[in-house]
Amino acid sequence: MTDPIADYLTRLRNAIKANHRVVEIPASNLKKEITKVLFDKGYILNYKFQEITSSQGVIKIALKYNPETRESAITRLERISTPGLRKYANTSSMPRVMNGLGVAILSTSKGVITDKEARSLNIGGEVLCYVY
């Protein structure tokens with residue numbers, strides 16, 4: 001697999017389209033950090049890291065839906081930086097997703113954070129994905 005982050009986002013997208021409550025994703029440290037950001041921003045209901053002795057482990061993500069309309073909290077997940085074409089942003093060219101309604105997840109020297117946190121810390125980094 002050449003792009004594990006794209007696989008992570010695709011598994012989330014497919015689970016949302018199929019109206020699954022829980023999705024299991026192979027774990028890595030970067031995927032764990034992205035999951036924590038999604039939980040902190042309210043896009044997912046809960047998550048759990050399960051360690052397996054033979055491999056890296058599994059991330060179980062409980063997806064969040066509106067109880068009345070059954071719509072997902074995540075409308076769109078979009079991969080920005082790919083292994084073949086990396087996208088970096090500094091503080092002056094930091095993206096605003098849907099005029100501030102969505103978030104851009106960045107990998108920075110301070111860890112995996114959102115665009116708003118990166119602006120407040122005045123740092124740039126690699127733009128991993130947009131979530132809205």
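# Briefing on the predicted chain

R70 lies in the loop that connects β3 (58-63) with β4 (77-79). The model is predicted, and every value below is computed from it. The chain holds three helices and eight strands. Its radius of gyration is 15 Å, close to the 14 Å given by the globule rule for 132 residues, so the chain is as compact as a globular protein of that length.

**Overall architecture**

- Read from the N terminus, the order of elements is α-β-α-β-β-β-β-β-β-α-β.
- The C-alpha trace extends about 40 × 40 × 25 Å along its principal axes.
- Of the 132 residues in the chain, 41% are buried.
- Among contacts with a separation of 6 or more, 60% are between residues 24 or more positions apart.

**Loop residues with positive phi**

- Most residues other than glycine have a negative phi.
- R70, a residue other than glycine, has a positive phi near 60 degrees.
- R70 counts as exposed because its relative accessible area, 54%, is over the 50% cut-off.
- M98 is placed in the loop between β5 (88-89) and β6.
- The phi of M98 is likewise positive, near 50 degrees, in a residue other than glycine.
- With a relative accessible area of 45%, M98 is partly exposed, because this value falls between the limits of 20% for buried and 50% for exposed.

**Helix α2**

- Helix α2 comprises twelve residues, and the distance from its first C-alpha to its last is 17 Å, close to the 16 Å expected at 1.5 Å a residue.
- The buried residues of α2 include K31, K32, I34, T35, V37 and L38.
- After α2 comes G42, which has a positive phi near 85 degrees.

**K31 in α2**

- K31 belongs to helix α2.
- Although buried, K31 forms no salt bridge; the nearest side chain of opposite charge is that of D7, 4.7 Å away.
- The distance to D7 is 4.7 Å, whereas a salt bridge requires a side-chain nitrogen of Lys or Arg within 4 Å of a carboxyl oxygen of Asp or Glu.
- When neighbours within four places in sequence are set aside, K31 contacts P4, I5, Y8, I25, P26 and I59.

**F39 in α2**

- F39 is also part of helix α2, which covers residues 29-40.
- The relative accessibility of F39 is 33%, so F39 is classed as partly exposed.
- Excluding residues up to four places away in sequence, F39 touches I44, L45, N46 and Y47.
- F39 and A62 are 23 residues apart along the chain, and their C-alpha atoms are separated by 9.8 Å.

**Strand β6 and its partners**

- Strand β6, residues 103-108, is mostly covered, with five of its six residues buried.
- β6 runs antiparallel to strand β8 (residues 125-131), and five bridges join the two.
- In this pairing, V103 is opposite V131 of β8.
- β6 is also antiparallel to strand β7 (residues 111-114), to which four bridges join it.
- Here L106 is opposite I113 of β7.

Terms used:
Residues are numbered from 1 along each chain as its sequence is written. This is a predicted model: local features need pLDDT of at least 70, side-chain atom pairs count only at pLDDT 80 or more; totals for chains, interfaces and linings use all residues. Side-chain values use heavy atoms; hydrogens and water are left out. Buried means under 20% relative accessible area, exposed over 50%, partly exposed in between (1.4 Å probe, protein chains only). Contact means heavy atoms within 4.5 Å. The expected span of a helix is 1.5 Å times one less than its number of residues. Two strands pair if DSSP finds at least two bridges between them. Lys and Arg count as positive and Asp and Glu as negative; His and the chain ends are not counted. The radius of gyration is taken over C-alpha atoms; the globule rule is 2.2 Å times the number of residues to the power 0.38.
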